Amino acid sequence: MIDSELDSDVFQSLEKYPSVQFGISQALYSIFILRDGFNPDWNINSTVLVNGIIGMMPKSEAMNKAEELTAVGFKTIKIKVGREKIEDDINIIKSISQNFSSDIKYRLDANGRWDVDKTLYAVEHLENINVEYLEQPVKSFDELKELSKVSKIPIAADETIRNSDDVKRMLAESDVQYFVLKPSLMGSITETIDLINLIEGANRNVIISSAFESSIGRSALVFLASLVQNNSAHGLAVGSYFSNDIAEDAYPIVNGKIRFDKRSYPPKFNFVE
């Protein structure tokens, strides 16, 4: 009898394919929970906050999208940035923030398209806006490390942390305050839970984020997000990007939140024909 996917030879043999590992990990965790129940050490939250997303789009479309997201209850909005002219990014961010409640939190995700100077320029011009963090504004570890020590706006790591070693190095060497974990790109639910505990033990923040899994894969992300002990929103609002999913979403987003009831996890899926 195994008690962790890490004990599985099949799991270990798929090290080069983390998304496949994640599927095995999720299946095994479903079995473990049905067999043994939830770990009594897990502090599970029944409400998981979720951020809305404004993609890279013209200003008028971004404004319409912001109105749509706030109308359905999102309190945290991620805005994709990294246009050719950083002034265009700043203009869109300012326009959105000026037209909606000051309670809305904004996350600016450049996907490494800025450099250190551009990022600090943006920080200077966004100081009166409720920016929760800048997500992966630069590409390299060293640049992110440098920014984390001087930026007045907190920095979040995403693409630079794809395994446990990356996270541990970032914790040890930088002042990055937010760690965006994408479990399906890391492979292991056990290791993700360990990383959540490690990051929170260092008084930093965890964000669980989707890498565009199906509704089945996303259900495991909701479970993992329920284990995170902060009041930050998670990056799970990707269902609308699917024209056809393999099953109905067991965890719909309502008013920017997902209700998680551990008594019904793992969920029973209604498959789409």
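This passage describes the fold, the packing and some individual residues of one predicted protein chain.

The model is predicted, so local features need pLDDT of at least 70 and side-chain atom pairs count only at pLDDT 80 or more, while totals for chains, interfaces and linings use all residues. Residues are numbered from 1 along each chain as its sequence is written, and side-chain values use heavy atoms, with hydrogens and water left out.

The chain holds ten helices and nine strands. Helices (H or I, at least four residues) and strands (E, at least two) are DSSP runs, numbered from the N terminus. The radius of gyration is 19 Å, close to the 19 Å given by the globule rule for 273 residues, so the chain is as compact as a globular protein of that length. This radius is taken over C-alpha atoms, and the rule is 2.2 Å times the number of residues to the power 0.38. Along its principal axes, the C-alpha trace spans about 60 × 40 × 30 Å.

Of the 273 residues, 52% count as buried. Buried means under 20% relative accessible area, exposed means over 50%, and partly exposed lies in between (1.4 Å probe, protein chains only). The accessible surface of the chain comes to about 13,400 Å². Carbon and sulfur atoms account for 47% of that surface. Areas come from the Shrake-Rupley method with a 1.4 Å probe; for residues, only the protein chains shown count as cover.

Charges were counted next. The chain has 29 positive and 40 negative side chains. Lys and Arg count as positive and Asp and Glu as negative, whereas His and the chain ends are not counted. The centres of the two sets lie 4 Å apart. Each charge is placed at NZ of Lys, CZ of Arg, CG of Asp or CD of Glu.

The largest nonpolar core has 73 residues. Such a core is a set of buried Ala, Val, Leu, Ile, Met, Phe, Trp, Tyr and Cys residues joined through side-chain atoms within 4.5 Å. Ile96, Leu181, Ile208 and Phe223 have the most contacts inside the largest core. Helix H10 (residues 215–226) gives the most to this core, with six residues. Apart from this core lies another, of five residues, including Tyr133, Ala156, Val180 and Ile207. Leaving out residues up to four places away in sequence, Leu181 touches several residues, among them Ile161, Val167, Leu195, Ile207 and Ile208.

Arg162 sits in the loop between strand S6 (155–157) and helix H7 (164–173). Its relative accessible area is 23%, so Arg162 is partly exposed. Beyond neighbours within four places in sequence, Arg162 is in contact with Lys182, Leu185 and Met186. Arg162 and Lys182 are 20 residues apart along the chain, and their C-alpha atoms are separated by 7.7 Å.

Asn203 occupies the loop between helix H9 (189–201) and strand S8 (205–208). Asn203 counts as exposed because its relative accessibility is 67%.

Ser8 lies in the segment before helix H1 (9–13). Ser8 counts as buried because its relative accessibility is 12%. Ser8 and Arg83 are 75 residues apart in sequence and 45 Å apart in space, C-alpha to C-alpha.

Backbone geometry was also examined. Most residues other than glycine have a negative phi, and most peptide bonds are trans. Asn111 has a positive phi, near 50°. Asn111 lies in the loop between strand S4 (105–109) and helix H5 (116–125), and is partly exposed because its relative accessibility is 27%. Asn255 also has a positive phi, near 55°. Asn255 belongs to the loop between H10 and S9, and its relative accessible area of 51% makes Asn255 exposed. The peptide bond from Tyr265 to Pro266 is cis, with omega near 0°. Pro266 is found in the segment after strand S9 (257–259).

Notes. Contact means heavy atoms within 4.5 Å.
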